[in-house]
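Biologist: Please show me the structure, and let us then discuss how its parts are arranged.

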Amino acid sequence: MSMNREGRPTRPEGAETSRETWTGNRGLMLEEPLLFEIGDATTTGVDFENAGGGTSRLGGLERNRPIGLAGLTEPETVRHYTRLSRQNYAIDLGLFPLGSCTMKHNPRLNEKVARMPGFADIHPLQPADTVQGAYELIHRLAEWLIALTGMHSVAMSPKAGAHGELCGLLAIRSALEARGDAREVILVPESAHGTNPATAAFAGYRVENIPATTAGRVDLDALTSRLGPDVAGVMITNPNTCGLFEPEMIAISKAVHEAGGLVYCDGANFNAIVGRVRPGDLGIDAMHINLHKTFSTPHGGGGPGAGPVVFSEALTPFAPIPFVEKQGKEFVLVEEETAGEHHGRSFGRMTAFHGQMGMFTRALSYILSHGADGLRQVAEDAVLNANYVLRSLEDVLDAPFGASGPCMHEALFSDKGFAGGLSTIDLAKGLIDEGYHPMTMYFPLVVHGAMLVEPTETESKAALDQFIGALRSVAERARAGDETLKAAPVFAPRRRLDETLAARKPILVYKEPEAAQAAE
Amino acid sequence: MRYLPLSNADRSEMLQVVGAGSIDDLFVDVPEAARLNGKIEGLPDHASELDVERQLGALARSNMVAGDVPFFLGCGAYRHHIPASVDHLIQRGEFLTSYTPYQPEIAQGTLQALFEFQTQVARLYGCEVANASMYDGSTACWEAIVMARRITRRGKAILSSGLHPHYASVAKTMARFTGDVLSYEAPTLSAATDIDALDVDGDTSCVVVQYPDILGRIADLGGLAAKCQAAGALLIAVVTEPVALGAIKSPGEMGADIVVGEGQSIGVGLNFGGPYVGLFATREKYVRQMPGRLAGETVDAEGKRGFVLTLSTREQHIRREKATSNICTNSGLCALAFTIHMTLLGEKGLRALAELNHAKAVAAAERLARVPGVSLINDTFFNEFTLLLPKEARPAVRAMAEHGVLGGVSLGRLYPDEAELANGLVVAVTETASDDDIEALAKALEGVLA
């Protein structure tokens, strides 16, 4: 055993790395029970003044049975959720290459701004005179979004990308119905996000797929030959989900318009072109912008997002209420009441209030920080980083569209060349052991065993080089048939989880052991 | 630019690796006509952190902050005190900057918290299962109507007049496109709700009732639940103020089939209308018809308990146009805030909070009913009630605001077309209102009515 001069061992020898501990913890990797296993009905972490025994106006509907909630004191609560947090991967910990999700750094200035009481502690139904600054903030963000996209107007109220898609399709349907031309079909490329066909169906349309070319683009011939009097429009993602720009976008828009349809663009990948291309110049009629992607509002483990929708002139009259308008020096909120006068064709309200204010403040803070020059640089660096990943790895990972030219903000690989028995999921789980969140797996569906890598612009070259090294190492193991990958991850808080069991016997809420046993 | 780590030297080196002469070569697929060859004109360049903070701080300061004045607005968004540790914990980077937990081995933090959230929501609502959140109460309400249509294969939904008019408005917008038939009328200013008069027939898919309703009234849902069951329709209860359920029976307990609502009161804050968090719960037998994500318990390869997203064959990324909903991103971080605040409260704290809200509201209602010309509409209420003023409430609210009192939501604001409601004022009183605040409201009301 090697010792230092004081006789203290400096290097462990023959350490048992897999030894079980009494607690189940492994050093800083801490196991944490469920809230309902450690809290109880009589513990609380909040002190209240005494309510005093006044009269009840509850109409005899007082709760007389236990709710079943568990409480913890503040120190226990802080520890419980801090411990849980440490079982998550996050952008703050490292590169998060989830394709199509744009996991970029979330500037903390944005968090600070969103928490200013003048934004965070105001009520959506306050009189207009008391919230002029809030209306102005929404209006300023709207102006930026219109300028950056070259479009005519923007609906700010949609709550997330899919809600924005719905907003766009409802405007399209309203515009078509207004000209007495109800149509039934929306065309969606087979590489589209699942939200596209789901949204079209939710809006009452029938969905038909459009095939992709071998170069990973929309098949223009197949599209144009399907256009006709029953086609309301198309939903195209551009840059598309293969990480490629649709070079025929202007021709696609023209063909759709000539056939009497309208063009929806899924703006999930706007980060690749912000400041370099305005969707308005591509002939599109509606596009949602995920503020939680391009404009860096945090993903928060699955939301909240925000999905403002920019519109062409043709669709503007049909945009949803409410929205903020500048009238002279004053900002007003156009709602049901006033919409009738000069916005009578609005398709109506999509959500209770005016949108994701907390996301608007963060997005505007991000936009002002970058400015016109910085946003253009964002797109350039995002695209450069993705191409750097693509070209640095195409010798070990098959890049199905690598030969057709540069990619945009994300690099797409397939599982071709992996040894038999190993697939994309094994590589992904191997990457977890290397300390990374995996890329998007098995999407888009047009590529076998797809791996979609989006590094974003907030990664340094050193961070990219390390990631490329890690991915190269795992890819080489997959090619060589290293069966140990099938057991990965081994260094994460959990080994692979049994998703089949979870779906076959769903346990969606906690049941106390007695109750669970009784239910068996 | 402080957020962009690449240096010009890095960029040149990387362009070489990529085999491109310049960055423009990477944008070759963009049609010539759509290429911007420089910055977009008329927009400012990047700004320092200090400068941005100044610009946005100026906008923030021009708003009247709820916490700075006597404040009594509700109607779907409520001001409650949120313990400081809630905001601290949700700002842990591991929660704030993580993604939807698609890789469960490194997302147990989010998944376990969602499982706790689902359990809390289900128990609060008196239901068997709950999902991992929706955007907000209003969109959750429409999704519940769609779900009821799927289950009953009927297309007529009856909305009680006590439903929040914005929620009804969202449903009306959507129904126009989906072909669902809705019946809805604005409420009348009376102590009794319409719920026992609702006509449920064999074509009805669901009845939607808000509890407590938009005017603050509380009605027993038991009779309506039985009526719905007899007609083969589902009862959907909408709860905009979850704190109420610390004091009154849950809708699930009274027989509601689907319970949805707004969770903003717990942990989230006012935020001028968003982001909020939609809650969605139902019976176990309907779980495969539910929209949205679900966290479920399972085991890992070593047999250790863990959590995953489950039953995703309902969802858009698998089922595409056949999915139960198009929702993808939900309100994850707001759901976490809800869960942490609810953990701090616990059963004991929630009950104490509810009791305090009710006591303050009762005291305020009694005081305000003594203002000359003012009467109280409600027999029953929790922390929100409706006053009938001797004149239009909307200008009165504006006039009170000029005197630094945010005195409630006028029904004129919510129902601009309903002249009979114009004198109604909905006042919400939470634990944040002090006795002085209540007195200030009474005085302000006296002033503007004089």
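Biologist: At roughly what angle do the axes of helix H11 and helix H13 of chain B cross?

Modeller: This is a predicted model, in which local features need pLDDT of at least 70, side-chain atom pairs count only at pLDDT 80 or more, and totals for chains, interfaces and linings use all residues. Residues are numbered from 1 along each chain as its sequence is written, while chains are lettered from A and ligands numbered from 1 in the order in which they are written. Helices (H or I, at least four residues) and strands (E, at least two) are DSSP runs, numbered from the N terminus; axes are lines fitted to C-alpha atoms, for helices over the stretch in contact, with angles from 0 to 180 degrees between N-to-C directions. The axes of H11(B) (residues 393-402) and H13(B) (residues 435-449) come within 9 Å, and they cross at roughly 120°.

Biologist: Which residue classes make up the contact of H11(B) with H13(B)?

Modeller: B:Ala396, B:Ala399 and B:Met400 of H11(B) meet B:Ala444, B:Leu445, B:Val448 and B:Leu449 of H13(B), where contact requires C-beta atoms, placed from the backbone, within 7 Å. Ala, Val, Leu, Ile, Met, Phe, Trp, Tyr, Cys and Pro count as nonpolar, Asp, Glu, Lys and Arg as charged, and the others, Gly among them, as polar. The contact of H11(B) with H13(B) therefore has no polar and no charged residues, and seven nonpolar.

Biologist: How are H6 and H7 of chain A oriented to each other?

Modeller: The axes of H6(A) (residues 161-178) and H7(A) (residues 195-202) come within 9 Å and cross at roughly 45°. Angles under 35 degrees count as roughly parallel, over 145 as roughly antiparallel, 65 to 115 as roughly perpendicular and the rest as oblique. H6(A) is therefore, relative to H7(A), oblique.

Biologist: Is A:Arg173 buried or exposed?

Modeller: A:Arg173 lies in helix H6 of chain A, and among residues more than four places away in sequence it touches A:Ala203, A:Ala232 and B:Phe177. A residue is buried if 20 or more other C-beta atoms lie within 10 Å of its own, exposed if 12 or fewer, and partly exposed in between. Because 23 other C-beta atoms lie within 10 Å, A:Arg173 is buried.

Biologist: Which strands stand at the edges of the three-stranded open sheet of chain A?

Modeller: The order in this antiparallel sheet is S10-S12-S11, and two strands pair if DSSP finds at least two bridges between them. S10(A) pairs with S12(A) (residues 451-453) over three bridges, with A:Phe413 opposite A:Met451. Each edge strand has a single partner strand, so one side of each is left without a neighbour in the sheet; these are S10 (411-413) and S11 (440-441).

Biologist: To which strand of chain B does helix H10 run at about 5°?

Modeller: Four strands of chain B form an open antiparallel sheet in the order S10-S11-S13-S12. Its edge strands are S10 (375-376) and S12 (409-410). Helix H10 (residues 332-368) lies across S10, S11 (384-388) and S13 of chain B, and the strand to which it runs at about 5° is S11(B).

Biologist: Which element gives the most to the side of chain B that touches chain A?

Modeller: The contact takes 173 residues from chain B and 177 residues from chain A. With 22 residues, the element that gives the most on the side of chain B is H10(B).

Technical notes
Two residues are in contact if their C-beta atoms, placed from the backbone, lie within 7 Å.
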